[in-house]
Amino acid sequence: MSSAHLTQVRKWFFQSPPAEWVMKQLRELLIGALRLGPVPQHVAFVMDGNRRYARNHQIETVEGHNLGFEALARILEVCYKSGVKVVTIYAFSIENFKRSRYEVDALMDMAKVKLSQLAQHGDLLDRYGASIRILGQRELVKPDVLEAIDRAVALTSGNDRYSNLYFSVSSKN
């Protein structure tokens, strides 16, 4: 059986309602176990390896970035449910802007779409009391993406109960 076929079978299986229910129950059990121990107050993530993942799985680079964002969304939920108060995401490095125009535009468009979705479904952020903050060099970001960023920041500005979500746009230093 080919690797692509196995991937499709795995995807079909894990998207079936019984498997999704089991995974959700297992996730909640593990989050409960995490809450029993010391929970860090601040966790940071570096968004790295999406291109390598795409190359290793023979998928489009942009799809690798999309899958990376989906993984980030899942881990953010774990952070919030386990009691982490601050999450920082190092999302865009200066080096990212040296990539092909296609890839940079795709990353910017993805950021705009995901932030717009957050703004449309602000109840999720309200539920966790999360506020979004942007750190770094805003002038590097396209104006339409800045608008989506500013909307998401404004939407969550009153949320100070629990969590802060910081996105960094800057150089590595």
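This is a selection-by-selection tour of a predicted model.

Residues are numbered from 1 along each chain as its sequence is written, and side-chain values use heavy atoms, with hydrogens and water left out. Local features need pLDDT of at least 70 and side-chain atom pairs count only at pLDDT 80 or more, while totals for chains, interfaces and linings use all residues.

**Stop 1: a surface patch**

Select Trp12, Phe13, Phe14, Met23, Leu26, Leu29 and Leu30, which make a nonpolar surface patch of about 760 Å². Such a patch joins nonpolar side chains (Val, Leu, Ile, Met, Phe, Trp, Tyr) within 5 Å, taken from residues with over 30% relative accessible area and no salt bridge. Areas come from the Shrake-Rupley method with a 1.4 Å probe. Helices here are DSSP runs of H or I with at least four residues, and strands are runs of E with at least two, numbered from the N terminus. Leu29 lies in α2 and counts as exposed because its relative accessibility is 59% (exposed is over 50%, buried under 20%, partly exposed in between).

**Stop 2: the core and α7**

Next select Leu76, Tyr80, Val87, Leu115, Val141, Val145 and Ile149; of the 24 residues in the largest nonpolar core, these touch the most other members. A nonpolar core is a set of buried Ala, Val, Leu, Ile, Met, Phe, Trp, Tyr and Cys residues joined through side-chain atoms within 4.5 Å. Among the elements that supply at least two core residues are α4 (61-82), β2 (86-93) and α7 (143-156).

Stay on α7 and show its buried residues: Val145, Leu146, Ala148, Ile149, Ala152 and Thr156. They sit on the same side of α7, because they cover an arc of only 160° around the axis, taken from the directions from the axis to the C-beta atoms. Pro143 and Ala154, on the other side of α7, are exposed.

**Stop 3: salt bridges**

Counting a side-chain nitrogen of Lys or Arg within 4 Å of a carboxyl oxygen of Asp or Glu as a salt bridge, there are nine. Select Glu103 and Arg51, whose closest N and O atoms are 2.9 Å apart. The pair links helix α5 to helix α3 (residues 50-56), 52 residues apart. Glu103 is buried at 8% relative accessibility, and Arg51 is partly exposed at 32%.

Finish with Asp109 and Lys142, which meet in a salt bridge at 3.8 Å, N to O. Asp109 is in α5 and Lys142 in the loop between β3 (131-136) and α7. Shared partners join Arg101, Asp105, Asp109 and Lys142 into one network.

Definitions and conventions: Patch = residues over 30% accessible without salt bridge, like charges linked within 9 Å, V, L, I, M, F, W, Y side chains within 5 Å. Buried < 20%, exposed > 50% of the residue type's maximum accessible area, 1.4 Å probe, protein only.
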